[in-house]
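Subject: Structure handover

Hello,

My notes on it follow below.

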Protein chains: 2
Amino acid sequence: MKRNGKLRGYVALAEAFRSGTTTPRAYLDETLSLIDRHDSRIKAFVATNREGAIHAANASTARWRNDAPLSPIDGMPLAIKDVIETIDLPTGQGSLLLEGTMSGRDAASVRALREAGAVIVGKTTTTEFASFHAYHETLNPCDDERSPGGSSSGSAAAVGAGMVPVALGTQVVGSILRPASYCGAVGFKPSHGAINRSGSHDHFSQGCLGAIGATLSDTWAALRAIAERAGGDPGHAGLAGDPDLTGRTAPKRIAVLETGGWSSATEGARAAMFEARRRLADEGIELRSRADDPAIEALEQAIADALPLTLAINTWEGRWPRNTYTDRDVSKLSASAIERVRAAEAMTQNEYRELLVRRSAMRARFAELADRYDVFATLGASGAAPIGLGSTGNVALNTAASSLGVPALTVPVLQDQDLPLGLQLLGSMDRDATVFGAAAWVLRSVFDRQDLIGPET
Amino acid sequence: MKRNGKLRGYVALAEAFRSGTTTPRAYLDETLSLIDRHDSRIKAFVATNREGAIHAANASTARWRNDAPLSPIDGMPLAIKDVIETIDLPTGQGSLLLEGTMSGRDAASVRALREAGAVIVGKTTTTEFASFHAYHETLNPCDDERSPGGSSSGSAAAVGAGMVPVALGTQVVGSILRPASYCGAVGFKPSHGAINRSGSHDHFSQGCLGAIGATLSDTWAALRAIAERAGGDPGHAGLAGDPDLTGRTAPKRIAVLETGGWSSATEGARAAMFEARRRLADEGIELRSRADDPAIEALEQAIADALPLTLAINTWEGRWPRNTYTDRDVSKLSASAIERVRAAEAMTQNEYRELLVRRSAMRARFAELADRYDVFATLGASGAAPIGLGSTGNVALNTAASSLGVPALTVPVLQDQDLPLGLQLLGSMDRDATVFGAAAWVLRSVFDRQDLIGPET
């Protein structure tokens, strides 16, 4: 069930579960023993419910034995970022004020996972309100001296350490892609609205619920299981499609983006991306960049602004609920949380309206390119994870996808300072399956990393 | 401060507050004495915070005395529908399961009202989860034998009885317009997204936060005070503009709609609408209907479907959080809540996608007419409030605005069975101020009801 001391992909084991060669209960036992072994050091989890997980895994084992699984992820152990509500465990949002808060319900996504037979193992650490300040001391599983990134810190660390095959995360700026890149995991931020956020404490117009996983197959299967049952955000039909994960179909044309923040990429990261481009070209992919296509150059100019624009939008949208928490007990809020309330109060509705107009213009620029490229490639982060736990790292290379609202997937095939670095593939709105298909081909044909895809087809 | 035993408009008193002729504290005392006098019978409130209200009104009185009000609604007493969170009072959502739930925070709208100096008096009754089942026994203030309508039952009753000048409500199908029409109040459902719903338990793609008020001025001022501070839903700039409430500018052209559900309107309601059309025409307004404009006929055909379409969309979107509440204690849910979970579980993501396509087509049809008419007129409800508390009434005439996402305002100028009936004016997306301006002209020039506008200009 393990490979190099880490759990193997889950959906790849369907036949073994059916035949009884192994069971979801055995997979969970392995999960729990890995948590026992690693988590006192890594501190990815804020809470676990072992009894509930064992109960759910036993029920799943019986369903597979009767050839009646509820879904491909029936029995899959998952960890949940602690901004997403769970009926059995508190939702503390990484905040001193909200520590231990029982909401008395599951988020829409968590309830859908349970309906699909999944096993909710526990809650993972996040920065305060999934924003900047980190109270937790979660370590990067690849290097104890480094940050796992944020705000989906514990989800990335738990998957990177091989403790769970998939963990839910959320991203408003760079909170899925960046920690996944740092921890050597697959990270997926879906198209805006593709996964129902109800009961996830994310009230931002760029916010997304997504996942960090060890393989493409498990990551996709978990999110599709949610979308089939809970849909997307209200008014969005939700994540759909059926990606070609055999890795046999090459994308035709890839645009290489030096997104806003490229200048902050480390030398090692740039060299890794340069080498990745060469290898893609060697496989016959048509790669274009701003040197070849003025429309790409225009897009890069438009998204150069993505980070400051995103931060300003988030300032206005983040006024609530932080402002009401200041009424409750201001001593339990970080200085940065209080300062952001003050910054929001200084903004006007008209300023916010102008920010939305600028974002719409950026999106329109991207939409013009949507039919010309299968996917867009860039770095998953500006480099390896930063040393120390004082910062969750540079978000500059992760913000474009958030600002544009488009799907983005990072796969851990590059390196910087001998540590993991993601290759990020972005797609056009609601073409999430296309991004997964392209990533599968890249993993198989360019990097020979079938293990990151999933089933050994 | 009162007229016919009811409170006078609030923003009209600005000069009196400034000069000290009267004070926000005196206005609140009047409010509390009216609640004492009427609410043991009407039962519009589920909870009040008198001490907090008095404290807030005293602070407001001092600000006006110092000529430093925080906003035009500084000191205005408001009631809040009990699906919207308040830090000082429980949010029970009309549910046996959630009765007494303290959320520990204000909704974005409530926090914004407090920032504007408003006085939150209490929470008003609603049906279970603002849906169908009514556990409360709120009476219609115009006739004790009748329902106040729903789901913003208590908000409409409190305003209709003259206990508060404005109350917040929410609408997904017909939950603001219908009770306002039944209780003889102004009711306003803004453009979709125009008022920030964060912290209001409304997870529906057609959901809106709006208000029921005694006058146009107070209703508009309260919602604008929210939008200036909390904006719209994330990604929407929020309610904007400055309506001409002098009532001196006539709309040029009005389309009269016999929206879906017209066939269910009572004879009295149809006669009242017929008479209203005649009076509008007498004032020189160009009125058009399906007989005059094939585009209106096409729109009516499109929106004939609005109610079944809305109910189907709501079934899918209402799966959560009801499904997770069934895990908690199914015995505290109504039969209809449980049945709706089952209906949602029987739906597929593809079915939902098709419903969204149908709704988009309806909206496109309306958008074609947007520039051709200033406003669209129809009935505020299918007739007078129903007798008995078993039903909150027929929503058929209220659903078009919800389904289209456009602003709709009902003003209590018609009658059916000697009871109030609203005239409903709909506008185009984000032209909420235009609808208020048109309504002011109609109230002043056609119905001679300056009292429903506000300041005696």
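**A loop threonine in chain B**

B:Thr392 sits in the loop that runs between strand 11 (375-379) and helix 14 (399-404) of chain B. Helices (H or I, at least four residues) and strands (E, at least two) are DSSP runs, numbered from the N terminus.

Some ground rules before the rest. This is a predicted model, in which local features need pLDDT of at least 70, side-chain atom pairs count only at pLDDT 80 or more, and totals for chains, interfaces and linings use all residues. Residues are numbered from 1 along each chain as its sequence is written, chains are lettered from A and ligands numbered from 1 in the order in which they are written, and side-chain values use heavy atoms, with hydrogens and water left out.

B:Thr392 is buried, at a relative accessible area of 12%. Buried means under 20% relative accessible area, exposed over 50%, and partly exposed in between (1.4 Å probe, protein chains only). The side chain of B:Thr392 makes a polar contact of 2.8 Å with the side chain of B:Arg178. A polar contact is a pair of N or O atoms within 3.5 Å; within protein, one must be able to donate a hydrogen and the other to accept it, and residues adjacent in sequence count only if both atoms are side-chain atoms. Setting aside neighbours within four places in sequence, B:Thr392 is in contact (heavy atoms within 4.5 Å) with B:Thr127, B:Ser147, B:Gly149, B:Gly150, B:Arg178, B:Tyr182 and B:Pro386.

**A strand threonine in chain A**

A:Thr124 belongs to strand 5 (residues 119-124) of chain A. A:Thr124 is buried, with a relative accessible area of 0%. Its side chain has a polar contact of 2.8 Å with the side chain of A:Ser155. A polar atom of the A:Thr124 side chain also lies 3.4 Å from the backbone nitrogen of A:Lys81. Beyond four places in sequence, the contacts of A:Thr124 include A:Ala44, A:Phe45, A:Val46, A:Gly154 and A:Ala158.

**Strand 13 of chain A**

Eight of the eight residues of strand 13 (residues 419-426) of chain A are buried, so the strand is largely enclosed by the rest of the structure. Two strands pair if DSSP finds at least two bridges between them. Strand 11 (residues 375-379) of chain A pairs with strand 13 in the antiparallel sense, over four bridges. Here A:Thr378 has A:Gln424 as its bridge partner. Strand 12 (residues 408-416) of chain A also pairs with strand 13 in the antiparallel sense, over seven bridges. A:Asp416 stands opposite A:Leu419 of strand 13. The hairpin of strands 12 and 13 has two residues between the strands, and A:Gln417 takes a positive phi near 50 degrees there.

In chain B, helix 2 (residues 24-42) has a kink of about 35 degrees, centred on B:Asp36. The bend at a residue is the angle between axes fitted to the seven residues ending there and the seven starting there. Buried residues of this helix include B:Tyr27, B:Leu28, B:Leu34, B:Ile35 and B:His38. Just after the helix, B:Lys43 takes a positive phi of about 60 degrees.

B:Asp36 is partly exposed, at 49% relative accessible area. The side chain of B:Asp36 forms a salt bridge with that of B:Arg50 (2.7 Å, N to O). This pair links distant parts of the chain: B:Asp36 is in helix 2, B:Arg50 in helix 3 (residues 50-65) of chain B, 14 residues apart. A salt bridge is a side-chain nitrogen of Lys or Arg within 4 Å of a carboxyl oxygen of Asp or Glu.

**Other salt bridges**

By this rule there are 60 salt bridges over all chains. One joins A:Asp29 and A:Arg25 (2.9 Å, N to O). These two are four residues apart in helix 2 of chain A, so about one helical turn separates them. A:Arg111, A:Glu115, B:Arg319 and B:Asp327 are linked in a network.

**How the chains relate**

Chain B can be laid on chain A with an RMSD of 0.0 Å, by a turn of 180 degrees and a shift of 0.0 Å along the axis. The two copies are thus related as by a two-fold rotation axis. Copies are superposed by least squares on the C-alpha atoms of residues with pLDDT of at least 70 in both. In chain B, the C-alpha nearest the axis is that of B:Ser103, 4.5 Å from it.

Best wishes
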